[in-house]
Amino acid sequence: MRLAQRVSRIQPSATLAINSKARALRQQGTHVVNFGVGEPDFGTPLHIQQAAIKAIRDGHTRYTPVSGIDQLKEAICDTLRNDYGLTYHNENVLVTCGGKHALYNLFQVLLEAGDEVIIPSPYWVSYPEMVALAEATPVMVSCLQTNNFKLHPSDLERAITPSTRLLILNSPSNPTGAHYTRKELEGLAELLLRHPQVLIVSDDIYYRILFSGQEWVSLGMVDEELRSRMFIVNGVSKTYCMTGWRIGYLIGNREVVKAATKIQSQSTTNPTSISQYAALAALRGDQGFVRTMATAFEERCHYVMDRLGELPGVSCPTPAGAFYVFPNFSSFFGKSGKGKLIRDSLALADYLMEHAHVALVPGGPFGEDQCLRFSYALSMEDLQEGFNRISRAIMELS
Ligand SMILES: Cc1ncc(COP(=O)(O)O)c(C=O)c1O
């Protein structure tokens, strides 16, 4: 069957691929410790589940407005007011089928062939693919491990050309857990103000999973002028353990939101009606659960950093949030184990999957082949067992 060329322009998701490998081993009866998962291991809080059941019983089972129900858009605007100190109105909001869909719609509206999109590297695997789907060119900008893998204004300046249309910032970050400080954002803002053609996407999907001593701040909060060029992408997936419910949102310039709504109207129509009512309960309900979850991730992060510190030759910047670490394992490259040469992050991830039954995502698809991505959205027992296995398998490399 002839497939359209756009299919060959994109790669399947590396994180989903690792999860299906782990699932296949599990189906054969093997206990795999899966550090590959990109979602909280907690269940959706009960009051949110109940809101969804109520929505069904109340008959909210039909099409909704394409851009989402008004009550949810109002709740999103209130959240932005409380958490960012920024004022937006319903016409600035598009509710989508997950944060990923918000990014997809935005890219479809803003990008075309010839446009360049700056993606600080390491990056979330889906950014370059979604940019390519919109026929634009992803421009990866390497960020130093010594700068906690964060973008420095001088790196950004070198990457900007007359074709630069968009910069993607993700803080806290998948895969590194790094979070930009106010001062760092001010540095980037100062440069961006000198390049008015560059629009900005702030992917804030992990913003409520921030560790002690971290201040929540994003680019639009440090500079009023940049706000008009900035789009915020967020959603309920990570904050409220609702990855399967598929509710995200796009915030920004009303003309762009209107255009993205038009795209959505010819693809998914509206996001699921029931999930919208559940998301409304999530945003309007008690937020205590979110703090408890962030604290649990912080404790696990300490444990993970301690165990990584015990592995000889492994270095890793300390995360400030989310539930990922991105340690550098390159000191093992060139060694062999069970007759196989460990050439790169993929070979190491394969070796650990086959011989230690531990699933990790290779760093290559995140733009940094020296690293492996660990998600620590796992129970403490699994974390302990996983690190025991990794230590043993790594020691066998020579
Ligand atoms: C950085 C980042 N942005 C956006 C998303 C999209 O999340 P969702 O589509 O579930 O809202 C993810 C999910 O893994 C992510 O890691």
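In the predicted model, three strands make up an open sheet with antiparallel pairing and the order β9-β14-β13, where strands are DSSP runs of E with at least two residues, helices are DSSP runs of H or I with at least four residues, and both are numbered from the N terminus. Two strands are taken to pair if DSSP finds at least two bridges between them. The edges of this sheet are held by β9 (324-325) and β13 (361-362), each of which pairs on one side only. β9 runs antiparallel to β14 (residues 372-375) and is joined to β14 by two bridges, with Val325 having Phe374 as its bridge partner in β14. Helix α14 (residues 345-356) packs on the sheet and touches β13 and β14, its direction making about 45° with that of β14. Contact here means heavy atoms within 4.5 Å; axes are lines fitted to C-alpha atoms, for helices over the stretch in contact, and angles between N-to-C directions run from 0 to 180 degrees.

Residues are numbered from 1 along each chain as its sequence is written, and side-chain values use heavy atoms, with hydrogens and water left out. As the model is a predicted one, local features need pLDDT of at least 70 and side-chain atom pairs count only at pLDDT 80 or more, whereas totals for chains, interfaces and linings use all residues.

A further open sheet, of mixed pairing, consists of seven strands in the order β2-β8-β7-β6-β5-β3-β4. Its edges are formed by β2 (93-96) and β4 (137-142), each of which has a single partner strand, so one side of each is left without a neighbour in the sheet. On average, and with direction ignored, neighbouring strands of this sheet are turned by 20° against each other. β2 and β8 (residues 248-251) run antiparallel and are joined by four bridges, and Leu94 has Leu250 as its bridge partner in β8. Helix α4 (residues 70-84) packs on the sheet, where it touches β2, β7 (230-235) and β8, and its direction makes about 110° with that of β2. Helix α5, in turn, lies across β2, β5 (164-170), β6 (199-203), β7 and β8, and runs at about 155° to β7.

The protein is assigned domain 1 (5-43 + 289-395) and domain 2 (62-284), the bounds coming from an automatic or database domain assignment. The C-alpha centres of domain 1 and domain 2 are 26 Å apart, and 40 residues of domain 1 are in contact with 32 residues of domain 2.

Grid points are joined across faces, edges and corners, and a volume is the space filled by probe spheres set on the points. The largest pocket has a volume of about 610 Å³; among its 28 lining residues, Gly38, Lys100, Trp124, Lys238 and Thr243 are the closest to its centre. Two or more residues of this lining come from each of α2 (14-27), α5 (99-110) and α6 (126-133), and α2 gives the most, with four residues. By class, the lining comprises ten nonpolar, eleven polar and seven charged residues, where Ala, Val, Leu, Ile, Met, Phe, Trp, Tyr, Cys and Pro count as nonpolar, Asp, Glu, Lys and Arg as charged, and the others, Gly among them, as polar. Domain 1 and domain 2 each supply at least three residues to the lining of the largest pocket.

The second largest pocket holds about 240 Å³ of space and is lined by 13 residues, with Gln11, Ser13, Lys100, Ser126 and Glu129 lying nearest its centre. Its lining, too, draws at least three residues from each of domain 1 and domain 2, and contains seven nonpolar, four polar and two charged residues.

Two cavities of 30 Å³ or more are found in the whole structure. About 140 Å³ of space lies in the largest cavity, and Pro120, Pro122, Asn170, Ser173 and Tyr180 lie nearest its centre among 16 lining residues. The largest share of this lining, three residues, is supplied by β5.

Terms used: 1 Å grid on protein atoms, 1.4 Å probe; cavity = no way out; pocket = protein on both sides within 12 Å on 5 of 7 lines; lining within 4 Å.
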